[in-house]
Amino acid sequence: MASMATLFVKTPSPSPSFPKTFNTHFSPALKLSIPLASKPRTRQRLRISNALIEPDGGKLVELFVEESKKGEKKREAASLPRIKLSRIDLQWVHVISEGWSSPLRGFMRESEFLQTLHFNSLRLDDGSVVNMSVPIVLAIDDAQKRLIGESTRVALVDSDNNLIAILKDIEIYKHHKEERIARTWGTTAPGLPYVDQAITNAGNWLIGGDLEVIEPIKYHDGLDRFRLSPAELREEFTRRNADAVFAFQLRNPVHNGHALLMTDTRRRLLEMGYKNPILLLHPLGGYTKADDVPLSWRMKQHEKVLEDGVLDPETTVVSIFPSPMHYAGPTEVQWHAKARINAGANFYIVGRDPAGMGHPIEKRDLYDADHGKKVLSMAPGLERLNILPFKVAAYDKSQGKMAFFDPSRSQDFLFISGTKMRTLARNKENPPEGFMCPNGWKVLVDYYDSLVPADNGKVPEAVPV
């Protein structure tokens, strides 16, 4: 994917600031015409400016040990109790260490865990509130707890026993799994992917503390160059003279409906007075459920979208968001939005059923499709972020392209779900012309073609990242 390096080309002409203020959390050019049950709260007045939005807490957290102290820390770690990290644990170390969860400085202690579960936010020492909707915690079992004993520090190692970090000033507390699951997902129904992967068989204790990370997390999968940290993204946006950054979160291949949301957002931002809004196309790169398309194939597909001109490489930055995926709907979408503030985004695109999934038992969606964008408009700690809600995009048969759904002529529209898209690709069938760029579709077909049929003739699902 060497050609994706063209995404990091400086956009010409600096952008001045514009003294325009806002009285609403929603962008005024993109008003959401959905009545809210409660009276809207007064929102902080925002100013159009070419300065990037400040990270939560006012300063971006980076938790890497200085080069001159690495030898000392490695010697210290050799004498400490060791905790082996799972792949998902390692992804959370990545998230915390680079500042995606700023101002969090490590795995949550009990007070932070409880605030997250019960208030979806953290109150800082100065009394201010930042959003934090998903617990970022490390579980240990009884044997590990006994091994730690009275130690106030532990060494964190990967599956090959390589030292990753030191967790200091630790606090160990009970892992109330049912409460965690119920409050994060709104259900304890069996079959929740992240729960099955990371919680059900995890230890009965949680250990929190401050992280000292020895080296930046790398995966050596050919994609590390796309894993830009919040600090690196901020540098890139500044280099491009961005006066607005709008983020689009996705975990699926980009079809032309997604592209419509992104290109229309830029058009509207230009109409509002911005001179150089930059798109952060930010696919999720951590754990995903087994039937999602793996990250490496999604990145290949995104490359073709840029090559085919569906999105403009001059005004698009493609980077990988390292967080694991919860599929926790309105709760998780707050985390996705909050993390992008720390990367410098002051606008966040939200569509139908963000971070949602089908109910694991019943044949229905787990969450109301509109609740995610409603929650973002009211969420504590997200007042500084402009939320850009959109109508659903669907295939307009009368025009032969993806368009915003018009209920007055609903018979003209065809909805192609992710499940339907995957089925077509598996069967090497083409979607309607205009649904996805041809080269991007070919990548998706090639992915499913690469899955070797089992003895029973069925194609196996993908292995989760």
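Contact here means heavy atoms within 4.5 Å. The structure is a predicted model, in which local features need pLDDT of at least 70 and side-chain atom pairs count only at pLDDT 80 or more, while totals for chains, interfaces and linings use all residues. Residues are numbered from 1 along each chain as its sequence is written, and side-chain values use heavy atoms, with hydrogens and water left out.

The protein chain has 13 helices and 15 strands. These are DSSP runs numbered from the N terminus, with helices being H or I runs of at least four residues and strands being E runs of at least two. Of its 465 residues, 54% count as buried. A residue is buried under 20% relative accessible area, exposed over 50%, and partly exposed in between, using a 1.4 Å probe and protein chains only. Among contacts between residues at least 6 apart in sequence, 77% join residues at least 24 apart.

Helix H3 spans residues 110-119 and contains Thr 116. Thr 116 has 0% relative accessibility and so counts as buried. Leaving out residues up to four places away in sequence, Thr 116 touches Met 108, Ser 121, Leu 122, Met 132, Ser 133, Val 134 and Pro 135.

H3 also packs against helix H5 (residues 177-185). Their axes come within 9 Å and cross at roughly 40°. Two packed helices are described by the angle between their axes and the distance between the axes. The axes are lines fitted to C-alpha atoms, for helices over the stretch in contact, and the angles run from 0 to 180 degrees between N-to-C directions. H3 and H5 are therefore oblique to each other. Angles under 35 degrees count as roughly parallel, over 145 as roughly antiparallel, 65 to 115 as roughly perpendicular, and the rest as oblique. On the H3 side, Phe 113, Leu 117 and His 118 take part; they meet Glu 179, Arg 180, Arg 183 and Thr 184 of H5. By class, this contact of H3 with H5 has two nonpolar, two polar and three charged residues. Ala, Val, Leu, Ile, Met, Phe, Trp, Tyr, Cys and Pro count as nonpolar, Asp, Glu, Lys and Arg as charged, and the others, Gly among them, as polar.

The loop between helix H2 (87-98) and H3 holds Pro 103. Ser 102 and Pro 103 are joined by a cis peptide bond, with omega about 10°. Most residues other than glycine have a negative phi, and most peptide bonds are trans.

Ser 229 counts as buried, at 7% relative accessibility. Apart from neighbours within four places in sequence, Ser 229 is in contact with Glu 98 and Trp 100.

The loop between S11 and H11 includes Ala 355. Phi of Ala 355 is near 60°, a positive value in a residue other than glycine. At 8% relative accessibility, Ala 355 is buried. Arg 364 lies in the loop between S11 and H11 too, but Arg 364 is partly exposed, with a relative accessible area of 42%. Arg 364 touches Gly 358 and His 359, not counting residues up to four places away in sequence.

In helix H11 itself (residues 371-378), the buried residues are Gly 372, Lys 373, Leu 376 and Ser 377. They cover an arc of only 135° around the axis, which puts them on the same side of H11. The arc is that of the directions from the helix axis to the C-beta atoms. What covers these buried residues includes helix H10 (329-342), strand S11 (347-350) and strand S12 (386-389).

The last pair is helix H12 (residues 418-426) and helix H13 (residues 438-450), whose axes come within 8 Å and cross at roughly 70°. H12 and H13 are therefore roughly perpendicular to each other. Met 421, Arg 422, Leu 424, Ala 425 and Arg 426 in H12 are in contact with Trp 441, Leu 444, Val 445 and Tyr 448 in H13. The residues of this contact divide into seven nonpolar, no polar and two charged. Lys 428 lies in the loop between H12 and H13. Phi of Lys 428 is near 60°, again a positive value in a residue other than glycine. Lys 428 counts as exposed, at 52% relative accessibility.
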